[in-house]
2 protein chains.
Amino acid sequence: MQLTRAADYAVRVMITLAGMPSGARASRESLAESAEVPSQFLGKVLQLLTRSQLIVSHRGSRGGFSLARPASTISMLDVVESIEGPIQLNVCLGQEDACGRRWFCSAHEVWLTAQAVLSGVLSSAKLDRLAADSHHRRQVSAPAPVRVEEIAWS
Amino acid sequence: MQLTRAADYAVRVMITLAGMPSGARASRESLAESAEVPSQFLGKVLQLLTRSQLIVSHRGSRGGFSLARPASTISMLDVVESIEGPIQLNVCLGQEDACGRRWFCSAHEVWLTAQAVLSGVLSSAKLDRLAADSHHRRQVSAPAPVRVEEIAWS
């Protein structure tokens, strides 16, 4: 029960795009660097985000990637589901006939609740706030630079 | 981000054991049947539940499996973690050095919250209540038997 690496990378990419100045576009190379996403993953991630209409790929000399709509309207749930499909914590939460024990199984109700609270947290986390938070943290709590003598004697 | 089939089966097995009369023991065959767990999975599931000290395997003519402690003290979280290990919704929630972006990444906080609420729901779902709920539902809402003429003409 763990997020795929691709979905984790997609969240990084989307927060990076949300943190750019309005109207700016990011090249594939700059996204790979700032979101720290291995290049072999980035192509597939960008393809899925484009297909889900969360980002737009612009061509030409001023080309690159940008969000397809305001960051305040895109949640972490949107991003995760664009990569993994609809969240489904257990097989039994699928279509009506996914599990023949549903009519009596008390665990089914617990999974429903667990999925609802998980989705609720991800759904309320919007990209504009996430980008602003990350920017703020970088400003106020950047790790102290290591002094030369510490390197020399460590 | 989905529960493994083994963990789903483990939950079924544990609710079945929790629903038995006090002091009763279930054979492997009866567990497979009542929890509807394929026999090729059951051995591994029972092994992991035993290793986690959630169930006890009794030998001899009155042998079989039973819960190792009162059902009211065992949660769905205990059962899931006995199979899958500690819940870790994203890689970044692992050990301190699991992700170098943790000091500024705002998504990390969201994953922490999501994991806490998910674990909270599973932790509050105790086996005694789950077994009683399932028993009650079977009593009051068993599917109506299909009449012979419905079969003949369907």
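**A residue in chain B, then helices in chain A**

Author: The model is a predicted one. In chain B, B:R69 is found in the loop between β2 (64–67) and α4 (76–84).

Reader: Is B:R69 buried, partly exposed or exposed?

Author: B:R69 has a relative accessibility of 33%, so B:R69 counts as partly exposed, since that class lies between 20% and 50%.

Reader: Which residues is B:R69 in contact with, leaving aside its neighbours within four places in sequence?

Author: They are B:Q53, B:L54, B:I74 and B:D78.

Reader: And which side chain has a polar contact with that of B:R69?

Author: That of B:T73, in a polar contact of 3.1 Å.

Reader: How far apart are the C-alpha atoms of B:R69 and B:A10?

Author: A separation of 16 Å lies between these C-alpha atoms, and the two residues are 59 residues apart along the chain.

Reader: Now to the helices of chain A. At what angle do the axes of α1 and α4 cross?

Author: The axes of α1 (residues 5–18) and α4 (residues 76–84) of chain A cross at roughly 135° and come within 9 Å. Because of that angle, α1(A) is oblique to α4(A).

Reader: What is the handedness of the crossing of α1(A) and α4(A), left or right?

Author: α1(A) passes α4(A) in a right-handed crossing.

Reader: Which residues make the contact?

Author: From α1(A), they are A:A6, A:A7, A:A10, A:V11 and A:M14. From α4(A), they are A:M76, A:V79, A:V80, A:I83 and A:E84. By class, this contact has nine nonpolar residues, one charged residue and no polar ones.

Reader: How does α1(A) pack with α6 of chain A?

Author: The axes of α1(A) and α6 (residues 127–140) are 8 Å apart, at an angle of about 80°. The two helices are therefore roughly perpendicular to each other.

Reader: Which residues of α1(A) and α6(A) meet?

Author: On the α1(A) side, A:M14, A:I15 and A:A18 meet A:L127, A:L130, A:A131 and A:S134 of α6(A). The contact has six nonpolar residues, one polar residue and no charged ones.

Reader: One last topic: where does A:H108 lie, and is A:H108 buried or exposed?

Author: A:H108 lies in helix α5 (residues 106–124) of chain A. Its relative accessibility is 7%, so A:H108 counts as buried.

Reader: What does A:H108 touch, not counting residues up to four places away in sequence?

Author: A:H108 touches A:C92, A:L93 and A:R102.

Definitions and conventions. Residues numbered from 1 in each chain as written. Chains lettered and ligands numbered in written order. Predicted model: local features only at pLDDT ≥ 70, side-chain atom pairs only at ≥ 80, totals over all residues. Heavy atoms only, no water. Axes fitted to C-alpha atoms, helices over the stretch in contact; angles between N-to-C directions. Helix = DSSP H or I, 4+ residues; strand = E, 2+ residues; numbered from the N terminus. Parallel < 35°, antiparallel > 145°, perpendicular 65-115°, else oblique. Left-handed = near helix turned anticlockwise from the far one by under 90°. Contact = heavy atoms within 4.5 Å. Nonpolar A, V, L, I, M, F, W, Y, C, P; charged D, E, K, R; others polar. Buried < 20%, exposed > 50% of the residue type's maximum accessible area, 1.4 Å probe, protein only. Polar contact = N/O pair within 3.5 Å; in protein donor to acceptor, adjacent residues only side chain to side chain.
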